[in-house]
Amino acid sequence: MNVKSTSTNPQTYELAIVGGDGIGPEVCGAALQVIKAAVGSNRVLTCIDYEAGADCYTRTGIAFPDETLEGCKKADAILHGAAGLPGVLYPDGTEAGQDFTLQLRMALDLYANVRPIKLYDGVSSALKGRGPGDIDYVIVRENTEGLYASRGGGVVLGDEVATDILMVTRKGVERIVRFAAELARSRNGAPADGVRRVTIVDKSNVLRSFALFRKIADRVMEEYPDIEVDYALTDAMAVYMIERPDTFDVVVTENFVGDLLSDLGAATIGGMGMAAAAEIGDRFGYFQASHGTAPDIAGKGIANPIATILSGAWMLEWLGQKNNDNFLIEAANRIRRSTSSTLISGDALTTDTGGTASTADCVKAIIDSLAHDG
Ligand code: IPM
Ligand code: MN
């Protein structure tokens, strides 16, 4: 039964859907199918499709239409596939399609890019000897400043000189470190020792912007005596993530470093197809996987939709928490359980994770499993 609530608990949700380019529309569609199956007729999800990305730019000359921004602003949450295509460039050489995500982060102040690095049972890690339970941490990537802040700014002198400035602000560091510390409080600590820990990753030994990042992060962590504080320099962190991933719980870092390290982390949990994410601010939530558009496999029906499905489940949980709607939180949990069990059975494993499932097979396996879960 579709019930339109008149109470403070709205039971109708508007979702802005932006498929994007390459495999984007395929994985986004897959996630929506799973979301709809999990929610059924218990809630009304009004999905509105919007255009953005490289293809949109090629057709219209605009990568991120105003209408899409307005639609994202008025929606309860935004679900995205992926956008951008290698050859579709602005005159300055940067990719036009990525403007959507990059502008949206600023426009909606989506300051926390939360990227779980979790190895699921049934998926093998590129790291020798690491199994399920060994890798389970979250990279909290600052998403509105750092090196990305001066995008489109800086100095460009013809084809001879170009600069981009890495920007760190007190407000930006305080809120991202608080976010990380609160997240650590909600978790069970690092797999290796069960200790709740925030690892601050920076290059404070070389750059003053990072020295300030660490100083402010340290100050904020004094408010959390129950959480252990740990430090790693960016380059050393790349090694630690390979050698001792089980010692991490929550990792917090600057925007560009977080971009790099979250891809490295993804490689340790089965690849980019497993890398879910949520980009969250105080008001808005934007849900998309960490991966790109994989144009080489677009349209073949073989893309791994798991990352976007898990991001979609997260969207339901976030909406549920925001609106005091337990049904959505439970729907998110059911999607996670079904994803987990079909990865274990192998039915949800696409070719990139060593299986034979097509995108559609993977979705069907998860939906079938949902039907058997309470
Ligand atoms: C990511 C992507 C984006 C980034 C692109 C699409 C702008 O790589 O979300 O990690 O560089 O942040
Ligand atoms: Mn990235």
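In which strand is the place of Leu-157? In this predicted model, Leu-157 belongs to strand β6, which comprises residues 156-157. Together with Val-155 and Val-161, Leu-157 makes a nonpolar surface patch of about 240 Å².

Attention then turns to the ligand. The surroundings of ligand 1 consist of Gln-98, Leu-102, Arg-105, Arg-115, Arg-141, Tyr-148, Asp-259 and Ser-290, a shell that divides into four charged, two polar and two nonpolar residues. At least three residues of this shell are drawn from domain 1 (10-115 + 274-374), and at least three are likewise drawn from domain 2 (125-269). Within the shell, a polar side-chain atom of Arg-115 is found 2.7 Å from an oxygen atom of ligand 1, while an N or O atom in the side chain of Arg-141 lies 2.7 Å from an oxygen atom of the ligand. For Tyr-148, the separation between an N or O atom of the side chain and an oxygen atom of ligand 1 is 2.6 Å.

Side chains of opposite charge can pair when their charged atoms come close. With a salt bridge taken as a side-chain nitrogen of Lys or Arg within 4 Å of a carboxyl oxygen of Asp or Glu, the count comes to 25 salt bridges. One of the residues around ligand 1, Arg-105, forms a salt bridge with Glu-279, in which the closest N and O atoms are 2.7 Å apart. Because Arg-105 lies in helix α4 (residues 99-107) and Glu-279 in strand β11 (residues 278-280), this pair ties together parts that are 174 residues apart in sequence.

Key: Residues are numbered from 1 along each chain as its sequence is written. Chains are lettered from A and ligands numbered from 1 in the order in which they are written. This is a predicted model: local features need pLDDT of at least 70, side-chain atom pairs count only at pLDDT 80 or more; totals for chains, interfaces and linings use all residues. Side-chain values use heavy atoms; hydrogens and water are left out. Patches are made of residues with over 30% relative accessible area and no salt bridge: like charges are joined within 9 Å, nonpolar side chains (Val, Leu, Ile, Met, Phe, Trp, Tyr) within 5 Å. Accessible areas come from the Shrake-Rupley method with a 1.4 Å probe; for residues, only the protein chains shown count as cover. Helices (H or I, at least four residues) and strands (E, at least two) are DSSP runs, numbered from the N terminus. A residue is near a molecule or strand if one of its heavy atoms lies within 4 Å of it. A polar contact is a pair of N or O atoms within 3.5 Å; within protein, one must be able to donate a hydrogen and the other to accept it, and residues adjacent in sequence count only if both atoms are side-chain atoms. Ala, Val, Leu, Ile, Met, Phe, Trp, Tyr, Cys and Pro count as nonpolar, Asp, Glu, Lys and Arg as charged, and the others, Gly among them, as polar. Domain bounds come from an automatic or database domain assignment.
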